[in-house]
Amino acid sequence: MIEAAQYVLGLGRVSAVDDVLLNTLGGAVAAVVGVHLLAPRVRGAAQPGTRRGRLPSLPGPTHPGGVNPDADLLLRRGRLDDVNSLAPMSGSADRALARLRAAGTGDETLLVAEHDGRVVAAVSVRWHHDCDPPHPWLYGLHVSAAVRRHGFGTLLLGAAETVASLRGVEAMSLDVDRGETGLVAFYERRGYAKVGPHEHHWRSVSSATGDVVAEGTADTWIMRHRLGSD
Ligand SMILES: CC(C)(COP(=O)(O)OP(=O)(O)OC[C@H]1O[C@@H](n2cnc3c(N)ncnc32)[C@H](O)[C@@H]1OP(=O)(O)O)[C@@H](O)C(=O)NCCC(=O)NCCS
């Protein structure tokens, strides 16, 4: 998936941008949509009807890949202090900041999945002004390689659609490189259908100078899912 535009913040202005982010994100942070989706980890406090010393030992059994299956799984809005975790998922720290900034203004929503205290997946939705108006545009779905194929991608896709549905949105759109047939199939299995070919224009801007340092086009499919349908 390719973003419609790549916004890059000047590094020299980061402190000022941080102020803006903190101010504008304040409401969003306070309105965290966090829900403990799985059974919360036992923290050692005695529970009614239990005796101290009889609680299961911590941490729980770990997956051979090092993943703790008993860890908390939290779905919430992205926060400014997620920027380092979001950077590799976004391509750069600048792009991660741009996503957070857009979320802070309300132009976008950025959702993350936090597992075992680490942000492991993210997705953004741009609510207006993208390539398939009037439908919102989902982009930046990314799951850390270590935890792929455990449902995080499907979880965040569904969460983004739920937020859209709560806003009264009828359909969600996105685009996928036409050569990425596996990804096209991934979205088709989740209710998305191709609505047409698209030539996606992209550009990269220098964080130091603000100059466009690279630009190009990519052949994609726009795909759309009517929310509430299969
Ligand atoms: C695509 C991606 C988000 C899936 O996340 P995930 O947590 O592994 O997804 P889930 O566990 O919910 O589902 C796994 C699905 O991903 C598919 N998948 C995994 N890797 C894939 C790949 N390289 N290409 C296509 N599909 C892939 C699996 O076939 C499976 O599909 P199915 O359940 O329909 O059979 C993840 O592989 C990723 O972050 N990839 C890199 C970034 C990317 O390509 N993002 C999508 C941009 S359009």
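Reply: One definition is needed before we start: a crossing of two helices is right-handed if the near helix is turned clockwise from the far one by less than a right angle, and left-handed if anticlockwise. Note also that this is a predicted model.

Me: Which hand does the crossing of H2 and H3 have?
Reply: The two helices in question are H2, residues 83–90, and H3, residues 93–105. By the clockwise rule, the crossing in which H2 passes H3 is right-handed.

Me: Are H2 and H3 roughly parallel or roughly perpendicular to each other?
Reply: Two packed helices are described by the angle between their axes and the distance between the axes. For H2 and H3 the axes are 7 Å apart and the angle is about 110°. Angles of 65 to 115 degrees count as roughly perpendicular. H2 and H3 are therefore roughly perpendicular.

Me: How many of the residues in the contact of H2 with H3 are nonpolar?
Reply: H2 brings Val83, Leu86, Ala87 and Ser90, and they meet Ala93, Arg95, Ala96, Leu97, Arg99 and Leu100 in H3. In this contact one residue is polar and two are charged, while the number of nonpolar ones is seven.

Me: Why is H3 described as largely enclosed by the rest of the structure?
Reply: A residue is buried if 20 or more other C-beta atoms lie within 10 Å of its own. In H3 the buried residues include Leu97, Leu100 and Gly104, and also the charged Asp94 and Arg95. H3 is largely enclosed because the buried residues number ten of the 13.

Me: Which residue just after H3 takes a positive phi?
Reply: H3 reaches 18 Å from its first C-alpha to its last, close to the expected 18 Å. Just after this helix, a phi of about 90° is taken by glycine 106.

Me: How far apart in space are aspartate 219 and histidine 198?
Reply: Aspartate 219 touches Arg178, Pro197 and Glu199, leaving out residues up to four places away in sequence. Histidine 198 is 21 residues from aspartate 219 in sequence, yet their C-alpha to C-alpha distance is 6.0 Å.

Me: What percentage of the protein's residues count as buried?
Reply: The protein has five helices and eight strands. Out of its 230 residues, the buried share is 34%.

Notes: Residues numbered from 1 in each chain as written. Predicted model: local features only at pLDDT ≥ 70, side-chain atom pairs only at ≥ 80, totals over all residues. Helix = DSSP H or I, 4+ residues; strand = E, 2+ residues; numbered from the N terminus. Expected span 1.5 Å × (residues − 1). Buried ≥ 20, exposed ≤ 12 C-beta atoms within 10 Å, placed from the backbone. Contact = placed C-beta atoms within 7 Å. Axes fitted to C-alpha atoms, helices over the stretch in contact; angles between N-to-C directions. Parallel < 35°, antiparallel > 145°, perpendicular 65-115°, else oblique.
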